[in-house]
Amino acid sequence: MRRKLVVGNWKMHGNLAANAELLGGLRAAEPFVCEAAVCPPFPYLASCVLALQGSHIGLGAQDCSVHEQGAYTGEVSAAMLADVGCRYVIVGHSERRAYHGESDQLVADKAKVVVSKGLVPIVCVGETLAEREAVQTEAVVKRQLSAVIHTLGHCVPQIVVAYEPVWAIGTGKTASPEQAQEVHALLRAQLRAATPHADQMKLLYGGSVKADNAAALFTQADIDGGLIGGASLKAADFTAICRAAL
């Protein structure tokens, strides 16, 4: 059995007071059966490390640079994230791909750097509404994951994959459990062709996951948890989702 993983992506939300209240609520709700983690904005990583001391809740970052160090103003390296206590790094989120022009290869290169620093990349894949309506979902997600598989080689079992249909992120629309499972099964099959460890790898679903739909999603055969956006900003909501990840 793969232990479920639920990760909160706070995106560009939060402040010191709100973060402390949120993490206090999550700590009060521990322990969880699943693994749980939160990914705050960069400025709050250090304070969140302190707030989570003694907790089983992990810490992640929302992105990192493909470069290890140097004259890259505004960038944050994977080594820095490891240094402050992160375990996870989200790479290739659809908002990074859309708003910052990140290519499949850049995402793969970031995942490789993250692995090289002993961290776990959460590699996001997913299609837009136009791509789904054009029956291109399979081609799109397989292309996105293929770049990571070819770049990481034998290290690919060290990643987590998050399927996030772009049309379901922040829209209130959610892929049905059956729709999500169909894509997760495709991704699992693609990973099986690349590594004998595919059945031990975690595949997450993201896209308007809430307390009232989490259980139905998480009981699907190849869905091993969730990458949670808006619902991760309220302790009660995120706790309920974690409780659904059995």
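User: How many salt bridges does the count come to?
Analyst: This is a predicted model, where local features need pLDDT of at least 70, side-chain atom pairs count only at pLDDT 80 or more, and totals for chains, interfaces and linings use all residues. Residues are numbered from 1 along each chain as its sequence is written, and side-chain values use heavy atoms, with hydrogens and water left out. A salt bridge is a side-chain nitrogen of Lys or Arg within 4 Å of a carboxyl oxygen of Asp or Glu. By this rule, the count is 15.

User: Which parts of the chain does the salt bridge of D63 and R96 tie together?
Analyst: The closest N and O atoms of D63 and R96 are 3.3 Å apart. The two residues are 33 apart in sequence, so the pair ties together separate parts. Helices (H or I, at least four residues) and strands (E, at least two) are DSSP runs, numbered from the N terminus. The parts are the loop between β3 (58–61) and α3 (78–84), and helix α4 (residues 94–100).

User: Is D63 buried or exposed?
Analyst: Buried means under 20% relative accessible area, exposed over 50%, and partly exposed in between (1.4 Å probe, protein chains only). R96, at 24%, is partly exposed. D63 has a relative accessible area of 9%, so D63 is buried.

User: Which helices hold R143 and D104?
Analyst: R143 and D104 form a salt bridge, with 2.6 Å between the closest N and O atoms. The pair ties together parts 39 residues apart in sequence. R143 lies in helix α7 (residues 137–152), and D104 in helix α5 (residues 104–116).

User: What is the angle between the planes of Y163 and Y205?
Analyst: Rings of Phe, Tyr and Trp (its six-membered ring) pair if their centres lie within 6.5 Å; planes under 30 degrees apart count as stacked, over 60 as edge-to-face and the rest as tilted. The structure holds 1 aromatic pair. Y163 and Y205 are 6.1 Å apart, centre to centre, and the pair is tilted, at 55°.

User: Which residue in β7 is the bridge partner of A162?
Analyst: Two strands pair if DSSP finds at least two bridges between them. β6 and β7 pair in the parallel sense over 3 bridges. In β7, the partner of A162 is L204.

User: Which helix does the chain cross through from β6 to β7?
Analyst: A crossover is right-handed if, with the strands pointing away from the viewer, the path from the first strand over the helix to the second runs clockwise. This β-α-β crossover is right-handed. The helix is α8 (residues 177–194).
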